[in-house]
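Please look through the structure shown here together with its sequence.

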Amino acid sequence: FGWMIIDGKKYDSDLLIYPDGRVEDAWYRKRGHGLSTDDISALIRAGPEIIIAGTGANGLMKPDKDLEERLGQKGIRFISLPSLEAVQRYNNLSLKKPVGACFHLTC
């Protein structure tokens with residue numbers, strides 16, 4: 001709860017993971033616990049086949065109702081799960097496809 005280790009480095013702020021493996025920490029959303037296309041625009045531009053959203057330990061970050069549809073129109077599959085499950089899904093899928101992710105590390 002509240003942190004994640006990626007390639008031996010500990011992160012304690014919300015983050016984005018790009019399909020090339022680059023990590024951007026201190027990621028913020030316009031509406032705190034909301035998630036919109038604007039919040040992940042750089043990730044979308046990176047061209048993933050899949051975007052996984054880790055919604056926090058208790059799943060309190062809520063994607064906009066139309067987010068999945070809007071990403072689908074761009075050919076991007078969207079998966080939203082509590083963060084522990086999202087990490088597991090990311091680790092599995094990123095071995096097979098270009099995957100991007102966004103993680104809310106608390107709540």
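The buried residues of α3 are covered by elements that include β3, β6, β8 and β9. Here contact means heavy atoms within 4.5 Å, and buried means under 20% relative accessible area, exposed over 50% and partly exposed in between, with a 1.4 Å probe and protein chains only. Helices (H or I, at least four residues) and strands (E, at least two) are DSSP runs, numbered from the N terminus. This is a predicted model, in which local features need pLDDT of at least 70 and side-chain atom pairs count only at pLDDT 80 or more, while totals for chains, interfaces and linings use all residues. Residues are numbered from 1 along each chain as its sequence is written, and side-chain values use heavy atoms, with hydrogens and water left out.

Which residues of α3 are buried? They are S83, A86, Y90 and L93. These residues cover an arc of only 95° around the axis, so they lie on the same side of α3; the arc is that of the directions from the helix axis to the C-beta atoms. L84 and Q88, on the other side of α3, are exposed. An α-helix has 3.6 residues a turn, so residues three or four places apart point the same way.

Among the elements that cover α3 is β6. Five of the five residues of β6 are buried, so the strand is largely enclosed by the rest of the structure. In a regular strand the side chains alternate between the two faces of the sheet. Both faces of β6 are covered: one side has the buried residues I50, I52 and G54, and the other has I51 and A53, also buried.

Two strands count as paired if DSSP finds at least two bridges between them. β6 and β8 run parallel and are joined by five bridges, with R77 of β8 as the bridge partner of I50. The pairing of β6 with β9 is also parallel and has five bridges; there, G54 has F103 of β9 as its bridge partner.

A nonpolar core is a set of buried Ala, Val, Leu, Ile, Met, Phe, Trp, Tyr and Cys residues joined through side-chain atoms within 4.5 Å. In soluble globular proteins, nonpolar side chains tend to be buried together. The largest core here has 16 residues, and L15, I17, I52, Y90 and F103 have the most contacts inside it. At least two residues of this core come from each of β1 (4–6), β3 (15–17), β6 (50–54), β8 (77–81), α3 (83–93) and β9 (99–103). Leaving aside residues up to four places away in sequence, I52 touches I79, A86, R89, Y90, L93, V99, G100, A101 and C102. Another core, of 15 residues, lies apart from the largest one and has W27, I40, I44 and L67 among its members.

C102, one of the residues touched by I52, is buried at 0% relative accessibility. How many disulfides does a search of the whole structure find? The search finds zero, a disulfide being a pair of cysteine sulfur atoms within 2.5 Å. The closest cysteine sulfur to that of C102 is in C107, 14 Å away, which is too far for a bond.

Side chains of opposite charge can pair when their charged atoms come close. The structure holds five salt bridges, where a salt bridge is a side-chain nitrogen of Lys or Arg within 4 Å of a carboxyl oxygen of Asp or Glu. One of them joins E49 and K97, at 3.8 Å from N to O. E49 is in the loop between α1 (41–45) and β6, and K97 is in the loop between α3 and β9, so this pair ties together parts that are 48 residues apart in sequence. E49 is partly exposed at 38% relative accessibility, and K97 is partly exposed at 39%. In another salt bridge, D38 meets K30 at 3.4 Å, N to O; D38 is partly exposed at 49%, whereas K30 is exposed at 66%. R22 pairs with D20, with the closest N and O atoms 3.9 Å apart.

Two backbone angles remain. D7, which is not a glycine, has a positive phi near 50°. D7 is in the loop between β1 and β2 (9–11) and is exposed, with a relative accessible area of 80%. C107 is not a glycine either, and its phi is positive at about 45°. C107 lies in the segment after β9.
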